[in-house]
Amino acid sequence: MYGGYYGYYIDWTYILVLIGAVFSMLASAKVNSTFNRYQKVRSMTGFTGAEAAERILQQNGIYDVSIEHVRGNLTDHYDPRNKVLRLSDATYSSQSVAAIGVAAHECGHALQHKEEYLPLKIRSAIVPAANIGSRLGIPIIILGVLLSYNQLLIQIGIWVFSLAVLFQIVTLPVEFNASHRALGMLNQYGILGSEELPKTRKVLTAAAMTYVAAAASSILQLLRLILLFGRRDRD
């Protein structure tokens with residue numbers, strides 16, 4: 001009776017989801033606090049994020065990528081399909097070392113695209129599958145559970161969800177490499193001074209931790225699904 005109560009009414013695998021959620025919240029809080037801190041530090045060169053991005057692209061012979069202003073806070077991204085580098089409200093016109101770092105990071109993605117950086121090509125190739133995995137993986141598993149624990153559907157759901165996890169894992173080297181390129185270019189092209197680079201590095205490192213947290217959270221969720229339904233098989 002005692003064991004049955006704990007076996008059927010308390011799912012201890014939820015702790016994996018909780019760990020992932022806490023890690024993600026901490027990473028998000030860290031990147032926001034770090035960015036806000038160094039958003040107040042004006043660069044000595046006076047470049048805005050947009051100007052820094054333009055200079056980096058030109059220095060690398062990239063003339064077919066446009067720079068656009070997009071609404072939002074830290075919604076910066078590079079669109080490889082349309083070759084557009086979009087900078088957010090907090091980045092586009094800001095002269096801070098934080099904004100310049102974020103802009104340079106997105107330029108790093110543009111440079112990866114130009115050089116056909118392999119991890120970026122892999123990530124771009126699995127985007128459609130990853131979208132399917134994130135949207136349909138869990139619903140397929142739930143459907144399998146509702147249909148008298150149909151193991152085939154459950155296993156399909158787990159494999160489909162794994163595609164979303166794979167995307168998160170492949171994203172890590174792409175983001176780390178973009179930040180590494182950004183810091184090198186900011187130094188090489190004289191956009192930031194040597195005493196400013198450590199501040200920008202802190203911003204980019206904090207941002208990278210959000211991707212680490214997202215990957216860890218996805219892996220833990222996948223592990224929970226495997227443990228949960230693997231245990232159901234044994235039962």
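Modeller: Let us begin with a term: a helix here is a DSSP run of H or I with at least four residues, and helices are numbered from the N terminus. In this predicted model, helix α2 covers residues 14–38 and holds M25.

Colleague: What makes M25 exposed or buried?

Modeller: The word exposed is kept for a relative accessible area over 50%. M25 has 55%, and therefore M25 is called exposed.

Colleague: Why is the patch of K30, R37, K199 and K202 called positive?

Modeller: Lys and Arg count as positive, so a patch built from K30, R37, K199 and K202 takes that name. Two helices, α2 and α7 (197–234), each supply at least two of its residues.

Colleague: How do you know whether R37 is buried or exposed?

Modeller: R37, which is found in helix α2, has a relative accessible area of 55%. Since exposed means over 50%, R37 is therefore exposed.

Colleague: Where is T91, and why is T91 called buried or exposed?

Modeller: T91 sits in the loop between β3 (84–87) and α4 (97–115). Buried means under 20% relative accessible area, and the value for T91 is 0%, so T91 is called buried.

Colleague: Which residues does T91 touch, leaving aside residues up to four places away in sequence?

Modeller: With that exclusion, T91 touches F35, G49, A50, D76, A99, V102 and A103, where a contact means heavy atoms within 4.5 Å. By way of another distance, T91 and I138 are 47 residues apart in sequence, and their C-alpha atoms are 36 Å apart in space.

Colleague: What does the chain look like as a whole?

Modeller: The chain has seven helices and three strands, which follow the pattern α-α-α-β-β-β-α-α-α-α along the sequence. Its C-alpha trace spans about 70 × 35 × 25 Å along the principal axes, and 44% of its 235 residues are buried.

Colleague: How many positive and negative side chains does the chain have?

Modeller: There are 21 positive and 16 negative side chains, and the centres of these two sets lie 5 Å apart.

Notes
Residues are numbered from 1 along each chain as its sequence is written. This is a predicted model: local features need pLDDT of at least 70, side-chain atom pairs count only at pLDDT 80 or more; totals for chains, interfaces and linings use all residues. Side-chain values use heavy atoms; hydrogens and water are left out. Buried means under 20% relative accessible area, exposed over 50%, partly exposed in between (1.4 Å probe, protein chains only). The place of a charge is taken as NZ of Lys, CZ of Arg, CG of Asp or CD of Glu. Patches are made of residues with over 30% relative accessible area and no salt bridge: like charges are joined within 9 Å, nonpolar side chains (Val, Leu, Ile, Met, Phe, Trp, Tyr) within 5 Å. Accessible areas come from the Shrake-Rupley method with a 1.4 Å probe; for residues, only the protein chains shown count as cover. A salt bridge is a side-chain nitrogen of Lys or Arg within 4 Å of a carboxyl oxygen of Asp or Glu.
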